[in-house]
Amino acid sequence: MNTEKIAARRLSLEEVTKLGVKDRLFVSADTAELELPGCYVPAFLTKPGEDFEGGSITARTVFQEEVSCLPDDENEAGIYLADENGSVTIEVLQSAGVVLDLALFVPGADKGALTALYAAVRQAFGADIVQIWRQGLKEVPDVKVDIFEGQIPRGRKGNDSPKRDRRAIDTYPTRADFIEFSPGWKPVVEIHRPIVDDTPTI
């Protein structure tokens, strides 16, 4: 496990309420899946501390996990701020790297092309470093589509089709799998029709 020891000080609830969402904090690295006692990770408040209305303070870690805690509770790990004159030294968990979740279009999609692609990535970043965590192969139709956000209909069946809102992207249909839609909305896919300007010109 790769960690770094840094000088820090524990923040009181009053100090936390004076921080903003851009202030770098350190919160417990423990998660529901993995317990790392005494280890911390960089994080940021999900909303300004001045908006605290009681209950737990919520912070989002650099690993995109949300952690809730009460800074003044002695039974909890607490929230820390880097401070060269701090009275304690904490261990901060370092990043092991970045997992890329990409949509790649490989013409032909034959095994040789995919093998060459993976070999090139490993050569660039080092043997045994790049791992394939998830691979989804899907045939791609040779057609361009418009993908909109459509409101999910509520109420009785037979209502009108989902209300179409703004266009999210203009591309091949497989990219729809990688678009994060707003709560209450879903993708509406239509055949792409280029906009034709019929304005008379002189």
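## A walk through a predicted chain

Of the 202 residues in the chain, buried residues make up 20%, where buried means under 20% relative accessible area, exposed means over 50%, and partly exposed lies in between (1.4 Å probe, protein chains only). The model is a predicted one, in which local features need pLDDT of at least 70 and side-chain atom pairs count only at pLDDT 80 or more, while totals for chains, interfaces and linings use all residues. Residues are numbered from 1 along each chain as its sequence is written, and side-chain values use heavy atoms, with hydrogens and water left out.

The secondary structure comes to two helices and 10 strands, both being DSSP runs numbered from the N terminus (helices are H or I with at least four residues, strands are E with at least two). Following the sequence, one reads the pattern β-α-β-β-β-β-β-β-α-β-β-β. Among the contacts in the chain with a separation of 6 or more, 61% are made by residues 24 or more positions apart, a contact being heavy atoms within 4.5 Å.

In soluble globular proteins, nonpolar side chains tend to be buried together. A nonpolar core is here a set of buried Ala, Val, Leu, Ile, Met, Phe, Trp, Tyr and Cys residues joined through side-chain atoms within 4.5 Å. The largest such core has 17 residues, of which Leu11, Val16, Leu25, Val27, Leu45 and Ile79 touch the most other members. Strands E2 (25-28), E3 (39-45), E4 and E5 (66-69) each supply at least two residues of this core, and E3 gives the most, with four residues. Apart from this core lies another, of seven residues, among them Ile6, Ala8, Phe26 and Tyr80.

Which residues does Leu45 contact, leaving aside its neighbours within four places in sequence? They are Val16, Leu19, Gly20, Val21, Leu25, Ile57, Thr58 and Ala59.

Strand E4 covers residues 57-61 and includes Thr61, which counts as buried because its relative accessibility is 3%. Not counting residues up to four places away in sequence, Thr61 touches Val27, Val41, Pro42, Ala43 and Val67. In the loop between E4 and E5 one finds Gln64, which counts as exposed because its relative accessibility is 62%. Most residues other than glycine have a negative phi. The phi of Gln64, however, is near 65°, a positive value in a residue other than glycine.

The structure holds zero disulfides, a disulfide being a pair of cysteine sulfur atoms within 2.5 Å.

The second largest pocket is lined by 17 residues, of which Leu34, Leu36, Phe63, Leu93 and Gln94 lie nearest its centre. On a 1 Å grid over the protein atoms alone, a pocket is an open set of points with protein on both sides within 12 Å along at least five of seven lines, and lining residues have an atom within 4 Å of a point. By class, its lining has eight nonpolar, six polar and three charged residues.

Lys144 and Arg193 are 49 residues apart along the chain, and their C-alpha atoms are separated by 8.7 Å.

How values were computed
1 Å grid on protein atoms, 1.4 Å probe; cavity = no way out; pocket = protein on both sides within 12 Å on 5 of 7 lines; lining within 4 Å. Nonpolar A, V, L, I, M, F, W, Y, C, P; charged D, E, K, R; others polar.
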